[in-house]
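Here are my notes on this entry, as numbered points. Please read them with the model open.

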Amino acid sequence: MGSSGGGKRIARELGECTNDPPEGIRVQLVDDADVYRWDITMDGPEQSPYAGGHFKLQLRLPTEYPFKPPTINFATKIYHPNVSNDDKGSMCLGMLRSDQWKPPNKIVAVLNMVRNILIEPNIDDAVETGVAEQYKNARDEFVKTAREWTAKYASGK
Amino acid sequence: MDRVVSNQGSLHPNPGAEHVDAEAVPSISPEGASATATRRANVPLDLRILDYVTPFDRNLVCPICHCPFIQPVRLDCDHTFCRDCLSRAFTTQTADTKKCPSCRASSSFGQTQTVPRFIIHMIDELVVKCPKHDVGCASQVRRGDLQVHVDLYCSYSEVPCPAVDCSLTIPRKDLGERCLHSKVICDSCDVEMLEKDVNEHNRKLCTKQTSTCPDCQESFTKSALSDHERRCPQTTIRCLGSNIGCRHSTKRVDMAQHQNSCALASLLPAMKAMSDRMDQQGAALDLLQRKNDILEGSVSNMQSLLANAALPLADASAAATSPHSTEAAPFDSATHHLLSLHESLREELDRVASSISEVDARASMMIINENLRLKEDLAHTNAVIGSMRMQLQWLTSARLQTQPKPAPGAVTSGAGPSVRSGPSSPPPGASQPPIRRLSDSERTKL
Ligand SMILES: [Zn+2]
Ligand SMILES: [Zn+2]
Ligand SMILES: [Zn+2]
Ligand SMILES: [Zn+2]
Ligand SMILES: [Zn+2]
Ligand SMILES: [Zn+2]
Ligand SMILES: [Zn+2]
């Protein structure tokens, strides 16, 4: 099968995500002619210090999708143990790892996982160990900084 | 009108397009007709890009490509995938033991099994649009028949050019005696195209040539005309309800008025919903029918198995029973047959049970008789023993009287006790006192 088969599946998943989006998540293509790059807007979950923020994420699908996992980046700065604090904002954990990715996984599942991670960070899998340390030992300070960053970087529409 | 520029067939406008086309979805591109020109009628279809007309069950969808299964295979863990999807998932796994993409159960060397045949039938049954629907083929066929449609019937399939020196292809509907792959330029609009596309260009695409609408006599460019034809108020059209019986036809402008009052046209949505329902139910019925066929097949399998198993049983009890098992020949339905088989087995069982109890009764009768006989024998023997004992007593006492004064040492130690035990019933005629004395003196001695 050529790339067309994978493209068809992606188009179908895009249709599902736009017609029936998961809670607090909006999806659109960066470029209508390219189904491999998605723009995601994720609202900070109410029960997290990111509440009130609107975070932009970029989802890229490899040409081998669904045999290889998608990659996901926070374009909006976020104070979080599992998101790298650089201009990439990359995250790589759980099903996003190529050794844990399963082809039957769907993009919706990836988006939901990201949202869950905002509510409950995965400390054992942290990329920002300092932040993880703070999350474990000084939760109040972590929450404070995360709120400040949300207000500063993610409050715009 | 069109002048031939070159007569050589080697003029694909863009050599790269051939490569792109092999993978691209033959859709949206407006020059679709020429872009797909390199396809051969016998190119294997990519069934994953099809548009499905019938709605399909979610359980028939491959978890990897999200299409109804294409040549499905099953792993030991009972997960099913398209053959291609699975082998592609396996090639992305580096380890030697291949793992199921869904549950990661490792399967021995990635070995697969076939899926039940009815699943194949169900997916073959799904109706799809011909992949050439975007260039004009209106056919909708069962997916299982699609290859045949594309290879043999579809007028839009690309078939090899009839010219021997030309390696290009042409839609079957345009197939003629000679090669149509030379470039021509439209006189009116100076656009360059292949000769095979000239008709299409003149009919619809040319931006310069004009023609008049036969219905309203206005003139349009060719590209606008086809659009206009769909809207021209003067064109005579048929009532919406025509396919459920309305014979009325009038100009498009007047049609709205008719349709407002036409009962058939206003019935149309309801009729449509009903016929959709009927189609759905027909499809569901087909499905049930197939399932039923399968079930009936397995029932008759079981039935023959059962018949084989019942045969030795019948042999064993043949002596005691009438030949019931053989008369169970032609029954009109499998269930009926099974039931009657069950019935005859039950009767046989009853017979066996009654003969067993008969045998049981006979056996216990025999035992009682034997017992009585033995008891009599025993009594007889007892009587004999009693009389023998009396004779012995008598003999002993008689012998003691004939030897009144024996030497005390001559009396054996064993004789004493046997004599002493005896006297409870002394034989008549034997005088007792000497015995007593003797035994008394013997005792004092001891
Ligand atoms: Zn598949
Ligand atoms: Zn499995
Ligand atoms: Zn066709
Ligand atoms: Zn040719
Ligand atoms: Zn023209
Ligand atoms: Zn007109
Ligand atoms: Zn009518």
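How many salt bridges does a search of the whole structure find over all chains?

1. The search finds 22 salt bridges over all chains. Bear in mind that this is a predicted model. A few of the pairs are worth a look, and they follow here.

2. Start in chain A. E16(A) and K106(A) form a salt bridge, with the closest N and O atoms 3.3 Å apart. E16(A) sits in helix α1 of chain A and K106(A) in the loop between β5 (90-91) and α2, so the pair ties together parts that are 90 residues apart in sequence. E16(A) counts as partly exposed, at 34% relative accessibility. K106(A) is also partly exposed, at 29%.

3. Now chain B. K272(B) and D276(B) meet through their side chains in a salt bridge, at 3.7 Å from N to O. These two are four residues apart in helix α9 (residues 263-316) of chain B, which means that about one helical turn separates them. K272(B) is partly exposed, with a relative accessible area of 49%. D276(B) counts as partly exposed too, at 33%.

4. D227(B) and R231(B) are another side-chain pair, with 2.8 Å from N to O in their salt bridge. D227(B) is partly exposed at 31% relative accessibility. R231(B) is exposed at 58%, because the cut-off for exposed is over 50%. Elsewhere in the chain, a network of salt bridges links E125(B), R142(B) and D145(B).

5. Next, the metal. The SG atoms of C62(B), C65(B), C82(B) and C85(B) coordinate the zinc ion (ligand 1) at 2.2 to 2.3 Å. Why is the arrangement tetrahedral? The four donor atoms subtend angles of 102 to 116° around the zinc ion. Along the chain, the donors follow the spacing C-x2-C-x16-C-x2-C. C62(B) lies in the loop between α2 (32-35) and β2 (72-74) of chain B, and C82(B) in strand β3 (residues 80-82), so this pair ties together parts that are 20 residues apart in sequence. Both C62(B) and C82(B) are buried.

6. Last, the cores. The largest nonpolar core has 40 residues, and W38(A), I72(A), F74(A) and M91(A) have the most contacts inside it. Elements giving two or more residues to this core include α1 (3-19), β2 (34-43) and α4 (139-153) of chain A. The most comes from α2(A), with seven residues. Beyond its neighbours within four places in sequence, I72(A) contacts L57(A), L59(A), M91(A) and V114(A), among others. A second, separate core of 27 residues includes C62(B), L75(B), M122(B) and V150(B).

Note on methods
Residues numbered from 1 in each chain as written. Chains lettered and ligands numbered in written order. Predicted model: local features only at pLDDT ≥ 70, side-chain atom pairs only at ≥ 80, totals over all residues. Heavy atoms only, no water. Donors = N, O, S within 2.8 Å, 3.2 Å for Na, K, Ca; no water. Tetrahedral: all angles 85-135°; square planar, octahedral: opposite > 155°, others 65-115°. Buried < 20%, exposed > 50% of the residue type's maximum accessible area, 1.4 Å probe, protein only. Core = buried A, V, L, I, M, F, W, Y, C linked by side-chain atoms within 4.5 Å. Contact = heavy atoms within 4.5 Å. Salt bridge = Lys/Arg side-chain N within 4 Å of Asp/Glu carboxyl O.
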